[in-house]
Amino acid sequence: MKRRSFVLALAAMPLAAYAQPAEWQTIVGRDLRFRVEMPAPATETKAAEKEKGHVSERIAWASKRDGEMFDFDYVDYQPGWFSERDAKQMARDLGRGEAEKAFPRAKFKYVRDEPVTLQGWEGYALDIEDAQGAVVMMRTYIVKDRLYRLLVTAKNSEESKAAAQRFLGSLRFAETRPS
């Protein structure tokens, strides 16, 4: 009888290991307009500073995994702020920002620097690599009058870059842009 209990206990150990807290958590907007996965625990912050066109505070989440940064934020703009402008150009300008000052092309390789879309919404992708192969990946999306931004750093390892891709690929919007 003791032997059976021991064998059953050993067999149950893998199940107990899976019951541990998840390494990743899903962030869902209070207004249910988006969801994104980040390494746990993610910390939410609110920034009251407003830039031209903002109608709300910037809401952000940040987390770390093996020393790498995972940042996500969004801010609402005035109605018509983006729809009255060239959304592709706005996504590029907001997605690139001051990148060339922070990451001069003489020292960094621009691996990806192009417009993208997600669920039909305009966006911009910017991936910058250093001489050691570490990368900073940024995505910017404009959905109606809301700006979403993701930023992640990754070491030059498959595991680190896979985690970065998981984060960037997890963003989903509640609405798909009509064609």
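This is a predicted model: local features need pLDDT of at least 70, side-chain atom pairs count only at pLDDT 80 or more; totals for chains, interfaces and linings use all residues.
**Entry: E3, E4 and E5**

I looked up the strands around that pair. Strand E3 covers residues 43–47 and strand E4 residues 58–65, and the two pair in the antiparallel sense over five bridges. I then followed Ala60 to E5, where Asp73 stands opposite. E4 also pairs with strand E5 (residues 68–76), again antiparallel, over seven bridges. I checked the hairpin of E4 and E5 too: two residues lie between the strands, and Asp66 takes a positive phi near 50 degrees.

**Entry: the open sheet**

Next I turned to E1, E2 and E10. I found an open sheet of three strands in the order E1-E2-E10, with antiparallel pairing. Its edge strands are E1 (24–28) and E10 (172–173), each pairing on one side only. E1 and strand E2 (residues 34–39) are joined by five bridges, and I noted Val28 opposite Arg35 in E2. Helix H4, residues 158–170, lies across E1, E2 and E10, and I have its angle to E2 down as about 165 degrees.

**Entry: Asp127**

Is Asp127 buried or exposed? I located Asp127 in strand E7, residues 121–129. Its relative accessibility is 6%, so I count Asp127 as buried, the cut-off being under 20%. I also looked for a side-chain partner and found Arg139, joined to Asp127 by a polar contact of 2.6 Å. Leaving aside neighbours within four places in sequence, Asp127 has contacts that include Lys109, Tyr110, Val136 and Met138.

Key
Residues are numbered from 1 along each chain as its sequence is written. Side-chain values use heavy atoms; hydrogens and water are left out. Helices (H or I, at least four residues) and strands (E, at least two) are DSSP runs, numbered from the N terminus. Buried means under 20% relative accessible area, exposed over 50%, partly exposed in between (1.4 Å probe, protein chains only). A polar contact is a pair of N or O atoms within 3.5 Å; within protein, one must be able to donate a hydrogen and the other to accept it, and residues adjacent in sequence count only if both atoms are side-chain atoms. Contact means heavy atoms within 4.5 Å. Two strands pair if DSSP finds at least two bridges between them. Axes are lines fitted to C-alpha atoms, for helices over the stretch in contact, and angles run from 0 to 180 degrees between N-to-C directions.
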